[in-house]
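Here are some notes from going through the model, in numbered points. Have the structure open while you read.

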Amino acid sequence: MNAWNHTTETEFILMGLTDSKEVQLVLSVLFLLIYMLTVLGNIGMILIIHLDVQLHTPMYFFLTHLSFLDLSYSTVITPKTLQNLLTSIKNISFMGCFTQLYFFVLLAATECFILSSMAYDRYVAICNPLHYPAIMSPRRCHALITVSYMIGALDSSVTVFCLSTLDFCNSKVIHHFFCDTFPILALSCSDTYGAEATIFYLAGSTLLLSLIIISSSYVSVLSTILKINSSSGKHKAFSTCASHLLGVTVFYGTMIFTYLKPSKSYSLGKDQVASVFYTVVVPMLNPLIYSLRNKEVKSAAIRVVKKREYTQK
């Protein structure tokens, strides 16, 4: 069996989601609509937070970055997927494939720790309200964001390095709609144990560490909420966390299902559905989760619109 790497071959072929022309047309229209909603929703969220002074708080500072990440990694995946669905162009260069993978891992890993930072913010706000301004200072918020991006960059750099050093067999067909870790590993005729173990433990550490931070934060939050005597106080405290908990559940549920398992257990159908959900659907859902269930965001949107109407008079 002939082996090749990026020095002898220049491209992969992305098989996409289906070979049926009719299904491809339906999916292309659906993905285009979802992508447009993703762009509008996340840019809208960023603008509302930027334009309304009352939202210039740590929680919405993190939410701005969450919207930026959702917009970015949807943009890394969806346009190429739409090209594959609408045209006969299914090839992607070796460099293009690993660039897509690099930014996808970077943005997804960063999002894990942005969500952790948001959970920590809720913990401080509910469990230590008197010290909240001092603990969640602008300096600490920027430090948390910086560390999140640094961990994401480390994860993506190691992942791409491990995969790019492998040799690949005659087949250069990736049975997926984007360049993801397991489908690329499946093409290698090298011994992938070292690369797979490194990637698995790195991804597992990222997911589990961020989940531990989120879980411990919310255990403390729940304990504090249960000590509140009034039902209205409990409801108000819980409502500040509900949107974030829903977003965390959706994001981590699909991520864990897809990545925390050996590559040999990769299932083309099930894992593609999960991948579509967290790469295409979740970035659209987050602005809805954090706006429709959040009175502060809805009130801020109304204030921004009224302010704009007033300035135009």
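1. Take Asn286: leaving aside its neighbours within four places in sequence, Asn286 is in contact with Leu66, Asp70, Glu111 and Gly247. Asn286 lies in helix H9 (residues 268–292), where helices are DSSP runs of H or I with at least four residues, strands are runs of E with at least two, and both are numbered from the N terminus. Asn286 counts as buried at 6% relative accessibility; buried means under 20% relative accessible area, exposed over 50%, and partly exposed in between, with a 1.4 Å probe and protein chains only. The C-alpha atoms of Asn286 and Val248 are separated by 9.7 Å, although the two residues are 38 apart along the chain.

2. Ground rules. This is a predicted model, in which local features need pLDDT of at least 70 and side-chain atom pairs count only at pLDDT 80 or more, while totals for chains, interfaces and linings use all residues. Residues are numbered from 1 along each chain as its sequence is written, and side-chain values use heavy atoms, with hydrogens and water left out.

3. The overall layout. The chain has 10 helices and 3 strands, and along the sequence they come in the order β-α-α-β-α-α-α-β-α-α-α-α-α. Of the 313 residues in the chain, 47% are buried. If you take contacts between residues at least 6 apart in sequence, 79% of them join residues at least 24 apart.

4. Helix H1. This one covers residues 21–51. With 31 residues, H1 reaches 44 Å from first C-alpha to last, close to the 45 Å expected at 1.5 Å a residue (the expected span is 1.5 Å times one less than the number of residues). Which residues of H1 are buried? They are Gln24, Leu27, Ser28, Phe31, Ile34, Tyr35, Thr38, Asn42, Met45, Ile48 and Ile49. Gln24 has 5% relative accessibility, and beyond residues up to four places away in sequence it touches Thr18, Asp19, Leu85 and Lys90.

5. Helix H5 on its own. The buried residues of H5 include Cys141, Ile145, Gly152, Asp155 and Thr159. What covers the buried residues of H5 includes helix H2 (58–86), helix H3 (94–127), helix H6 (181–185) and H7.

6. H5 against H7. Two packed helices are described by the angle between their axes and the distance between the axes. For H5 (residues 138–164) and H7 (residues 193–226), the axes come within 9 Å and cross at roughly 165°. Axes here are lines fitted to C-alpha atoms, for helices over the stretch in contact, and angles run from 0 to 180 degrees between N-to-C directions. The two helices are therefore roughly antiparallel; the classes are under 35 degrees for roughly parallel, over 145 for roughly antiparallel, 65 to 115 for roughly perpendicular, and oblique for the rest. On the H5 side the contact is made by Leu154, Asp155, Val158, Thr159, Cys162 and Leu163, and on the H7 side by Ala195, Thr198, Ile199, Leu202 and Thr206. Those residues divide into 7 nonpolar, 3 polar and 1 charged (nonpolar is Ala, Val, Leu, Ile, Met, Phe, Trp, Tyr, Cys and Pro; charged is Asp, Glu, Lys and Arg; the others, Gly among them, are polar).

7. H3 against H7. Here the axes are 9 Å apart and the packing angle is about 15°. That makes H3 roughly parallel to H7. Among the residues making this contact are Ala109, Cys112 and Phe113 of H3 and Thr206, Leu207 and Leu209 of H7. By class, the contact of H3 with H7 has 16 nonpolar, 6 polar and 1 charged residues.

8. Thr206 sits in helix H7 and is buried, with a relative accessible area of 7%. Not counting residues up to four places away in sequence, Thr206 touches Ala109, Cys112, Phe113 and Asp155. Leu185, in helix H6, is buried with a relative accessible area of 7%. The C-alpha atoms of Leu185 and Glu196 are separated by 7.8 Å, with the residues 11 apart along the chain.

Conventions: Contact means heavy atoms within 4.5 Å.
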